[in-house]
Amino acid sequence: MASGSLLIDNARYVITVDAQRRIIRGGSVLVEGGRIRRVGKAAELADARADRVIDGRNFVVTPGFVNGHMHISYAHAVRGIFPDEMASPLLHVFNLQMAMTEEEEYHTSLLCLVELVRNGTVCFLDPGSTKFPDACLQAYADAGIRVVLGECVSDQDAPFTLPRYDTVEAVARTGRFVKAWNGRLDGRIVAWAMPFSPESCSAALIQGSKRVADEHGTGLTLHHGSGAAARAASVARHGHSPTAYLESIGVLGDNVLLAHCLGLDEAEIDCIARTRTAVAMCPSTAAKGGRGVPEHGKMPELLQRGVRIALGCDSPNNSNYLDMVRAMNMAAVQYKDARQDTRMIPAETALEMATRTGAEALGLGADLGSVEVGKKADLVLFDVARPEWQALFNPINNLVYNADGRSIHTVIVDGRVVVDAYRQTFVDEAVLFERVQEIGERLQARTGISFPRSRWPIV
Ligand SMILES: [Zn+2]
């Protein structure tokens, strides 16, 4: 991506998340050729020259956020339609998704990208939900964002409609997808193997998918159910807990990312740590879905064992927000409450998961996740001239506990400014919002999947 040089000059704070976790007061960052060339005190960079200089006095700078589990393709068009009491809308979710046309998916994905970049996400993993990636490629290109993409496959019966193939075809499709997509858009697209889940995929399919990931030096992600019911079902079917089953078929490892991971027992945590498998957790989905974090959430234990955890926002009909700052907040407050212990998930740990550790979980830690010389210039500038940032003594506490994505002023990916003074520049938002509203109305009419719009009378 061609981009000129850029200097962020004298920022209020630069939260580097570097090896020493330095927070530089009055810090400057010089970007050249899409990478970070210099980071330090403003005085140390006084001689730096750049095509564009951003006065940083009212900004707190952080690394761009990495979202480790983010279905982007369909849900914006029907966001909010499911009533609270519906414990799992998944059946409807998949039927709606399967009913989308190429043109509809393009526009809903575009809206998702707008929301993601405006909230500081520079890289996200879409767990195979996009049906028409060719149609969406232009949207990924325009948004300037990094995407970990894959094709969702399954070869077993599932309680909802998934793309299903015979095993050999499913593995072959995965191989073709990874080969065709990995490295596109100047490396901003990374293609992974994405068998949906161990329940909907045979051992042979997951093993074949892992071989594809290994051969291409890329990754594999799976939805990973656990907890007492999932464990009992897995033991009955495979003679192992869900995690031990995956280890027994040889598919865990450092290029594997297990999503959700609620209800792990001690042995499963040990297995994940031992195999250096990574995890993506979606705190707001767990909370909103009533998943019982006090009983089932093991984020502190996984972190304690050195497991790389990425945070995710899951979907506009789960989370429903796509704001990593709110996801950080949820992770930090959820475990304090669940364990009745304020030492759980400090604000700094939440920020690490959204940046450095999340990037490592996606296998992208060499290039992303911190403000360090040599890394890709993916940066978020928070506008601290706002009430929620006052008074400013501890910038990380203010970020995680006071702020949200609405104070994001500028977002930079690969050295290119993709959000400037609160505005993204790749799409007309008013036109897009209207379009997606229409798509949502059409989709509900076509599928018959709709619900009363409120428990209260809309007059
Ligand atoms: Zn998912």
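Visitor: Which residues are buried in α12?
Guide: A quick word first: this is a predicted model, where local features need pLDDT of at least 70, side-chain atom pairs count only at pLDDT 80 or more, and totals for chains, interfaces and linings use all residues. Residues are numbered from 1 along each chain as its sequence is written, and side-chain values use heavy atoms, with hydrogens and water left out. Buried means under 20% relative accessible area, exposed over 50% and partly exposed in between, with a 1.4 Å probe and protein chains only. By that rule, the buried residues in α12 are Met324, Val325, Ala327, Met328, Ala331, Ala332, Gln334, Tyr335, Lys336 and Ala338.

Visitor: How far does helix α12 reach from its first C-alpha to its last?
Guide: Helix α12 covers residues 324–339, 16 residues in total.

Visitor: Which residues coordinate the zinc ion?
Guide: Donors are N, O and S atoms within 2.8 Å of the metal (3.2 Å for Na, K and Ca), and sites may look incomplete because water is not among the atoms. Along the chain, the donors here follow the spacing H-x1-H-x151-H. Each coordinates through NE2, at 2.0 Å: His69, His71 and His223.

Visitor: How far apart in sequence are the parts that histidine 71 and histidine 223 tie together?
Guide: Both are buried, histidine 71 with a relative accessible area of 12% and histidine 223 with 13%. Histidine 71 lies in the loop between β6 (65–67) and α1 (90–98), while histidine 223 is in strand β12 (residues 220–224), so the pair ties together parts separated in sequence by 152 residues.

Visitor: What is the radius of gyration of the protein chain?
Guide: The chain holds 16 helices and 19 strands, counted as DSSP runs from the N terminus (H or I, at least four residues, for helices; E, at least two, for strands). The globule rule, 2.2 Å times the number of residues to the power 0.38, goes with a radius taken over C-alpha atoms. For 459 residues the rule gives 23 Å, so the chain is as compact as a globular protein of that length, with a radius of gyration of 21 Å.

Visitor: Is alanine 267 buried or exposed?
Guide: Alanine 267 lies in helix α8 (residues 266–274). Its relative accessible area is 53%, so alanine 267 is exposed.

Terms used
Expected span 1.5 Å × (residues − 1).
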